[in-house]
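Trainee: Please pick one part of this model and take me through it closely. What does it pack against, and how is that partner built?

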Amino acid sequence: MSAYRTIVVGTDGSATSFAAVDRAAAVAGDSNAELVIVCAYTPAGRDDTAEAEDALKDEAYLVRGWTPAEETLRTAEERALAAGAGRVRTVAADGAPVEVLRKVVADANADLLVVGNRGLNTLSGRLLGSVPSDAARRAGVDVLIVHTT
């Protein structure tokens, strides 16, 4: 089996998801693969963000539209480059995390999906499903679940 050519990793900006980005970047660097970092988001409505904007004042842009996802991706890209990835691309997309990841995997013709394990061993994860569990079942490619917790 040849090395991976395109690796997709999901991040939500949490410390645990950044640990998955770091691991994916190391694998991408070792394989000379392209790393595609994905952040799924759901745009918040005006009613949802009004209170946060008032509290944040000059930094209100952080809760509007896709800006939080874009900031997460900037941080993740910096980490990935520092961890050894040579080629990095970022994607912010509106939608549920697993659906967004599956679409990016298909669109990028990826051969590896990397996710953190957060949610796998929680009660809600067992009852409702978790992103790592759903991704592993539905990705259609190899999945690396990184121990992050």
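Mentor: Helices (H or I, at least four residues) and strands (E, at least two) are DSSP runs, numbered from the N terminus. This is a predicted model, in which local features need pLDDT of at least 70 and side-chain atom pairs count only at pLDDT 80 or more, while totals for chains, interfaces and linings use all residues. Residues are numbered from 1 along each chain as its sequence is written, and side-chain values use heavy atoms, with hydrogens and water left out.

Start with length. Helix 1 covers residues 15-31, which is 17 residues. The expected span is 1.5 Å times one less than the number of residues. That gives 24 Å, and the end C-alpha atoms are 24 Å apart, so the two agree.

Next, burial. Buried means under 20% relative accessible area, exposed over 50%, partly exposed in between (1.4 Å probe, protein chains only). The buried residues of helix 1 are T16, S17, F18, A20, V21, A24, A25, V27, A28 and S31. An α-helix has 3.6 residues a turn, so residues three or four places apart point the same way.

Now the sheet. Two strands pair if DSSP finds at least two bridges between them. Here 5 strands form an open, parallel sheet in the order 3-2-1-4-5. Strand 3 (87-94) and strand 5 are the edges, each pairing on one side only. Neighbouring strands are turned by 25 degrees against each other on average, direction ignored. Axes are lines fitted to C-alpha atoms, for helices over the stretch in contact, and angles run from 0 to 180 degrees between N-to-C directions.

Look at strand 1 (residues 6-10). Strand 1 runs parallel to strand 2 (residues 34-41), joined by 5 bridges. V8 stands opposite V36 there. Helix 1 packs on this sheet, touching strand 1, strand 2, strand 4 and strand 5, and its direction makes about 170 degrees with that of strand 1. Contact means heavy atoms within 4.5 Å.

The partner of V8 in strand 4 is L113. Strand 4 (residues 112-116) has 5 of its 5 residues buried. L112, V114 and G116 point one way, L113 and V115 the other. In a regular strand the side chains alternate between the two faces of the sheet. Strand 4 also pairs in parallel with strand 5 (residues 142-146) over 5 bridges. G116 has V146 as its bridge partner.
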